Amino acid sequence: MDFGFTKEQESFRQEVRDFLEKKIECGAFEIISNGWLENSSQEFSKEMSERGWIGMTWPKEYGGQERTYMDRAILMEEMLTCQAPIAYHFLADRQVGPAIIHFGNDDHKKEYLPKIINAEISMVLGLSEPNAGSDLVSVKTYAKEEGDFFILNGQKVWTTGAHRADYIWMIVRTDLDAPKHKGISEFILDLKTPGVTVRPIINIAGVHSFNEVFFEDVKVPKENLVGVKNRGFYQLMAQVDYERAGLERLMQNYPVFVNLVEYVKKEKRNGQPLSKDPMVRNTLAELEVEYQIGRLFCYQVAWTLTQGRIPNYEAALCKAYCTQYEQRLSDAATRILGLYGQLMPGSKWAPMNGEAADSYLWSVSYTLQGGSLEVLKNIVATRGLGLPVAKK
Amino acid sequence: MDFGLSEEQEILRKSTCNVMEKECPPAFVKETIKDEKGYSPELWRKMAELGWMGFIFPESYGGIDGSFLDFTILLEEMGRACLPSPFFSTVILGGLPILEGGNEEQKDELLPPMINGDLILTLAITEPPGKYTPDGIGSRATKSEKGYILDGTKLFVPNAHIADYIIVVARTKDGVDADGITLFLVDAKARGVTCTPLLTIAGDKQFEVALDKVEVTHERILGDIDKGWHIIEKIWPKVIVAACGEMVGGAQQTLKMTIDYAKEREQFGRPLGCLQAVQHFCADMVADVDGCRYITYQAAWMLSEGLSCVKEVAMAKAWCSDAFKRVTKQGQQVHGAIGFTEEHDLHLYYKSAKKWELLYGDSWFHREAVAEQMGL
């Protein structure tokens, strides 16, 4: 056991910090909760690309750096600390790229991997549908084989970032007769293809973050199918363990915590700083302990991946735990601010730019996205603990 | 970072686990708790032969100079077995202050027999105020011809009835500050020492130790006069993390018992573990147990490396106190009424979690230390 970082890792962290400090100094982005996923900047992503920070864990033959998942975790921790605008490349870097490496053919690899690494294309995930949320295997969007094409009809929903991305990585049904999980395939699709319509959905924070995506007789070239036809669900399940346990599930509203600690030190109640109130001290210390536990969970997963092992229940556990922490944080922040805790960004009198209230609204989504809390706990119980799966 | 055990650590864990499983099954624990002595001299002897008492002590005293990180593995296995023994009080509460504050004669006299299993020690720090801070120390040490005369009441002193020496924390100067506190090595059989057992929730042996004009010679002063609190401060992080080590093992065992039960117990024509409510209880328990493990070993690693870790130690005890307790509560819920019986083993952990929570500061106490470290 060893809970320290190597010299190389420390100096890498410093390198990332220096880069970010410069960017913040010149006003390249604002440090604001959810910024990492809401702020998409191809320019910023290109600068990261130049430093080899996109696809950094991928094999060298595909343009990657073959660096460890520990290094990637360090990079992400620094990016998330200041909520750097990494949305442009984030999903392709974390998920689509590795999926293509695992399941794509040579043409896929040649076509997409360099573009991802060079921040030339932006990708989103098309998984959920109106009747396939946690029950993902029930997707109905159907790709019918016709000559050299698939004809795609159906709808995706809660598609984060589809309004600003170039490609969608999706699962669709390719066999209507097979058992549900044996009739799904993975596709990559240019969102500009005729027949694709992206319609905004406004979330409860008043932001257009996710979308509905409709497919009406969309002609998809056959070569856009990735991996084995009708094996898409299994391929996806192998990928989500990579998706689940990054620090982005712990640090989405990290600035709230930092600002809150500063706020209570300055703000006075009854003639003394709010930070001297025993309730406030206890609450913030509890959040700090919980945060540090979550951080250890995240690094444990990164360490497991670095060992060349797939985190099994740990990834699900990590995400389940961390997102609940984020929710407790935004709730505690609004309460510590008292009446001011209800003030939204832009409001006169709003402390911390209204970020506490805003984060409280966003936090609803934290335990839903990328596998609901309930599904994650099921995974921990059945895969991790070997508890029996209930028969239907 | 490395979250796994090394090969040597795995061997240590496995061999300790084997000894505990063989020598300290739940029936033994229950029997021993009911026994007045509260430990088995035979097992104590075996533990000494295995080198456990000297694990973190220098070779010059007969120890094996092991790391504190590895020592935590040993404690985890003891906690897993709920081992009733004076190990914690002798080695950690007794041995460490002697190693830290004792002069060469004292160390030569006391550490080798302790390591050989011939000496049982304990520490009398807390008093009726029930605090681990200097302002909780009111026992008086008055200068006399031969040394000092001790008067006062010590509370929650573990294993005082079997101890050869009790390290008494007393005031050589009036006040509430750390300055003016001195440590004394008191012969437990000395005139004026009266030990009265307390009935504790976990059945472990804690005592009221009344000191009535107890004479202590100059040779029995541990460390410098008035500066005894420094010794306590020095060893205290290890005391806390050692407690966390025991809690990791206890929490892990509670989880294991609960999972086993959920797999085998049938209701509604299928195992309990099929029920999502039960599954989610168990998933929550995993987060608590894994959290205990990582945060404790992080602190143990930092102590081993000699790194400053005031915050990490406090975080470990804050988390373990709450998490171990939650795990035992949820374990009880999943077990149903059988867990509420004396016949079943689960209550050993339910009680143990409460004991460890309250000893050496609970989560409120340690979160205050964390708040301090956060600059609040």
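# Helix packing, domains and chain contact

Q: Is the crossing in which α9(A) passes α10(A) left-handed or right-handed?
A: The model is predicted, so local features need pLDDT of at least 70 and side-chain atom pairs count only at pLDDT 80 or more, while totals for chains, interfaces and linings use all residues. Residues are numbered from 1 along each chain as its sequence is written, and chains are lettered from A and ligands numbered from 1 in the order in which they are written. For α9(A) against α10(A), the crossing is left-handed.

Q: How is α9(A) directed relative to α10(A), roughly parallel or roughly antiparallel?
A: Helices here are DSSP runs (H or I, at least four residues; strands are E, at least two), numbered from the N terminus. The axes (lines fitted to C-alpha atoms over the stretch in contact, with angles from 0 to 180 degrees between N-to-C directions) of α9(A) and α10(A), the latter spanning residues 313-336, come within 9 Å and cross at roughly 155°. Because angles under 35 degrees count as roughly parallel, over 145 as roughly antiparallel, 65 to 115 as roughly perpendicular and the rest as oblique, α9(A) and α10(A) are roughly antiparallel.

Q: How many nonpolar residues does the contact of α9(A) with α10(A) have?
A: Contact requires C-beta atoms, placed from the backbone, to lie within 7 Å, and the contributors include A:Leu287, A:Tyr291 and A:Phe297 of α9(A) together with A:Leu317, A:Tyr321 and A:Leu329 of α10(A). Ala, Val, Leu, Ile, Met, Phe, Trp, Tyr, Cys and Pro count as nonpolar, Asp, Glu, Lys and Arg as charged, and the others, Gly among them, as polar. Beside 4 polar and 3 charged residues, the nonpolar residues number 15.

Q: How many charged residues does the contact of α4(A) with α9(A) have?
A: The axes of α4(A), residues 69-81, and α9(A), residues 278-306, come within 7 Å and cross at roughly 150°. From α4(A), A:Tyr69, A:Met70 and A:Ala73 meet residues of α9(A) including A:Cys298, A:Tyr299 and A:Trp303. By class, this contact of α4(A) with α9(A) has 8 nonpolar residues and 1 polar residue, while the charged residues number none.

Q: Which element gives the largest share of the side of domain 1 of chain A that touches domain 2 of chain A?
A: Chain A is divided, by an automatic or database domain assignment, into domain 1 (7-121), domain 2 (125-230) and domain 3 (245-384). The C-alpha centres of domains 1 and 2 of chain A lie 25 Å apart, and 13 residues of domain 1 are in contact with 11 residues of domain 2. At least two residues of the domain 1 side come from each of α2 (35-38), α5 (87-103) and α6 (106-117) of chain A, and the largest share, 6 residues, comes from α5(A).

Q: Which helix gives the most to the side of domain 1 of chain B that touches domain 2 of chain B?
A: In chain B, the C-alpha centres of domain 1 and domain 2 are separated by 23 Å. Here 13 residues of domain 1 of chain B are in contact with 12 residues of domain 2 of chain B. With 6 residues, the helix that gives the most, residues 87-101 of chain B, is α5.

Q: Which element gives the largest share of the side of chain B that touches chain A?
A: The contact takes 37 residues from chain B and 35 residues from chain A. On the chain B side, two or more residues come from each of α7 (228-264), α8 (276-304), α9 (310-335) and α11 (363-373) of chain B. The largest share, 15 residues, comes from α8(B).

Methods. Contact = placed C-beta atoms within 7 Å. Left-handed = near helix turned anticlockwise from the far one by under 90°.
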